[in-house]
Amino acid sequence: MTKLEAKNLQVSFGNVAVITGLNLSIPEGSITALMGPSGSGKSTLLRVFNRLIELYPEAHVGGYVYLDGQDIFEIDVIELRRRVQMIFQIPNPIPNLSIFENVALGLKLNRLAKNRKELYQRVKTALEKAQLWDEVKDRLNAPAGKLSGGQQQRLCVARSLAFEPEVLLADEPTANLDPENTAKIEALLLDLKKEMTIVLVTHFPQQAARISDYVAFLYKGQIVERGPTKDIFTKPRHELTEKYVTGRLY
Amino acid sequence: MFFIKAYPIFAREGFAMFLQTEWDPGAQKYGVLQALVGTMLTSVVAIALAMPMAIGVAVTINEVLPSRLRTIFGSLVDLTATMPTVLFGLWGFYVLGPFLQNAVNTLAGGAVMTSPSTLFTASVLLAIMVTPYAAAVIREGYALVPKAVEEAIYGVGATRLEAVLLKLRYVISYVLGGFFLALGRAMGETVAVAMVVGGNYAHLTTNLFQSGITISSLIALQFGNARFYTYAEPALFAAALLLAIFGIAINTAAIYLIQKWQP
């Protein structure tokens with residue numbers, strides 16, 4: 001089943017075309033890794049999927065993206081962002097809000113919990129799933145900015161999980177983490193794909209090889225090659241893909 | 001310096017002048033409580049009116065205007081802060097005062113505001129004058145909200161309005177900074193207030209719609225003939241001392257709170 005599908009997608013910032021007629025389908029319940037050199041449009045593509053691209057006034061989007069066959073530009077943007085959550089390269093909890101508030105905020109704004117007890121329970125469940133509960137349960141009211149980088153990233157995962165999203169977009173989520181925290185996040189993503197579809201942007205071919213089911217290789221705003229992870233690494237069909245996975249193209 | 005100059009009045013009356021409400025040097029009456037109350041009232045009302053306007057201006061500039069117009073419009077707002085205050089005073093006396101008197105009396109259905117020059121006129125004029133100061137500080141802070149935080153806010157399904165409120169909360173130290181800067185300006189503003197406050201030296205009032213006096217306008221208006229009376233000059237210096245102490249207290253509070261709420 002296709003969960004997300006981009007058709008002839010084009011994105012430009014001012015006069016600079018970043019995505020130029022991209023076609024891609026993301027299968028449900030899997031991890032699809034987006035790989036490609038810097039500037040190939042990976043992060044931009046993620047920001048189209050949840051329409052955060054609209055926070056960039058100079059960005060112009062053309063073409064189509066479908067979520068379960070429905071045009072995402074016709075879905076209410078708030079509903080879309082609830083269903084399609086995102087974690088970022090630099091962990092971005094809202095630093096002046098408490099650990100609890102960071103996870104609870106979206107639930108409160110969208111009135112997703114009926115009462116305080118349910119809110120607490122959902123925050124707790126999300127933190128548990130993100131493997132952070134044990135480390136923060138005694139200081140839920142401390143500012144999120146006080147956590148370590150790895151903890152902040154797991155807090156951001158918890159914030160996303162609180163929505164019980166259908167799609168999780170992860171934009172190089174381990175680029176700024178040490179190996180131990182990287183392993184934790186990777187284990188988490190593997191676990192989460194049972195419940196949701198994951199799109200992972202990564203600069204590390206090894207990471208894609210470790211946890212993804214499919215790889216899509218982007219170059220200059222287009223998909224060069226897409227296939228099961230194993231095939232991409234063992235028998236890439238395109239010269240550029242081969243160069244990239246063997247470390248000869250950055 | 002203020003204390004030395006003020007000493008004769010303290011020697012004569014102690015601090016009682018701060019509790020008396022009548023200023024009449026001819027009758028040896030040097031009370032300044034009415035001016036103190038006037039300063040408090042006008043500043044508080046002015047800030048209450050100015051802060052929503054300042055936040056509105058700052059948010060509008062950052063959220064609504066395209067980036068090209070942002071700098072132009074921002075500078076325009078800043079410019080109003082540099083206008084000579086006497087111009088505001090003239091405008092307040094000839095335009096704002098009569099307008100407010102008319103508006104208030106129409107709304108109240110009676111002659112509530114008997115003069116165009118009242119504490120209320122001064123408050124509204126002050127609000128207009130200090131709004132650019134607060135707006136400049138808040139605008140600057142608001143523009144500093146990192147894109148990552150903005151994406152986090154919208155990423156959790158915030159509406160535009162909710163996002164604006166969350167961003168303001170993120171830069172709360174700038175909002176406080178603007179608040180205290182505006183409050184300081186409002187308490188100290190002299191010329192424009194002196195022109196529209198009514199110059200009522202001898203009567204304590206907490207009714208905004210009556211004419212009154214503030215410490216700074218008392219000093220400005222009475223300074224000229226203070227030398228004719230032995231204790232008038234020291235009394236004015238005592239009032240000035242009070243204003244200075246208030247200023248220092250507000251700045252101290254501001255520095256403490258702003259540091260505490262740094263993002």
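Figure 1. Look for Glu172(A) in the loop that links strand 7 (167–171) to helix 7 (179–192) of chain A. Helices (H or I, at least four residues) and strands (E, at least two) are DSSP runs, numbered from the N terminus. The backbone is worth a glance too: phi of Glu172(A) is near 45 degrees, a positive value in a residue that is not glycine.

*How to read the legends.* Residues are numbered from 1 along each chain as its sequence is written, while chains are lettered from A and ligands numbered from 1 in the order in which they are written. Because the model is predicted, local features need pLDDT of at least 70 and side-chain atom pairs count only at pLDDT 80 or more, whereas totals for chains, interfaces and linings use all residues; side-chain values use heavy atoms, with hydrogens and water left out.

Figure 2. Is Arg51(A) buried or exposed? Arg51(A) counts as buried, since its relative accessible area is 11%.

**Figure 3. Ile211(A) and the residues it touches.** Ile211(A) belongs to helix 8 (residues 205–211) of chain A. With a relative accessible area of 4%, Ile211(A) is buried. Which residues does Ile211(A) touch, leaving aside those up to four places away in sequence? The list is Ile31(A), Glu186(A), Leu189(A), Leu190(A) and Leu200(A), where contact means heavy atoms within 4.5 Å.

**Figure 4. Chain A as a whole.** Chain A contains 10 helices and 10 strands, and its C-alpha trace spans about 55 × 40 × 35 Å along its principal axes. A compact globule of 250 residues would have a radius of gyration near 18 Å, and chain A agrees because its own value is 18 Å. That radius is taken over C-alpha atoms, and the globule rule is 2.2 Å times the number of residues to the power 0.38. Of the 250 residues in chain A, 54% count as buried. For contacts in chain A with a separation of 6 or more, residues 24 or more positions apart account for 67%.

**Figure 5. Ala163(B), a buried alanine in a helix of chain B.** Ala163(B) is part of helix 7 (residues 160–170) of chain B. Its relative accessible area is 0%, so Ala163(B) is buried. Not counting residues up to four places away in sequence, Ala163(B) touches Ile153(B), Tyr154(B) and Ala158(B).

**Figure 6. Ala111(B), an exposed loop residue.** Ala111(B) lies in the loop between helix 4 (85–108) and helix 5 (119–142) of chain B. Ala111(B) counts as exposed because its relative accessibility is 64%. How far apart in space are Ala111(B) and Leu65(B), C-alpha to C-alpha? They are 42 Å apart, and 46 residues apart in sequence.

**Figure 7. The interface between chain B and chain A.** Here the two chains meet: 17 residues of chain B are in contact with 19 residues of chain A. The area buried between them is about 1,700 Å², and carbon and sulfur atoms give 65% of it. Buried area is the accessible area (1.4 Å probe) that two parts lose on being put together, summed over both. Which residues of chain B lose the most area to chain A? They are Glu151(B), Tyr154(B) and Val156(B), together giving 34% of what that side buries.

**Figure 8. Chain B as a whole.** Chain B has 11 helices and 2 strands. Its C-alpha trace spans about 70 × 45 × 30 Å along its principal axes. Among its 263 residues, 48% are buried.

Terms used: Buried means under 20% relative accessible area, exposed over 50%, partly exposed in between (1.4 Å probe, protein chains only).
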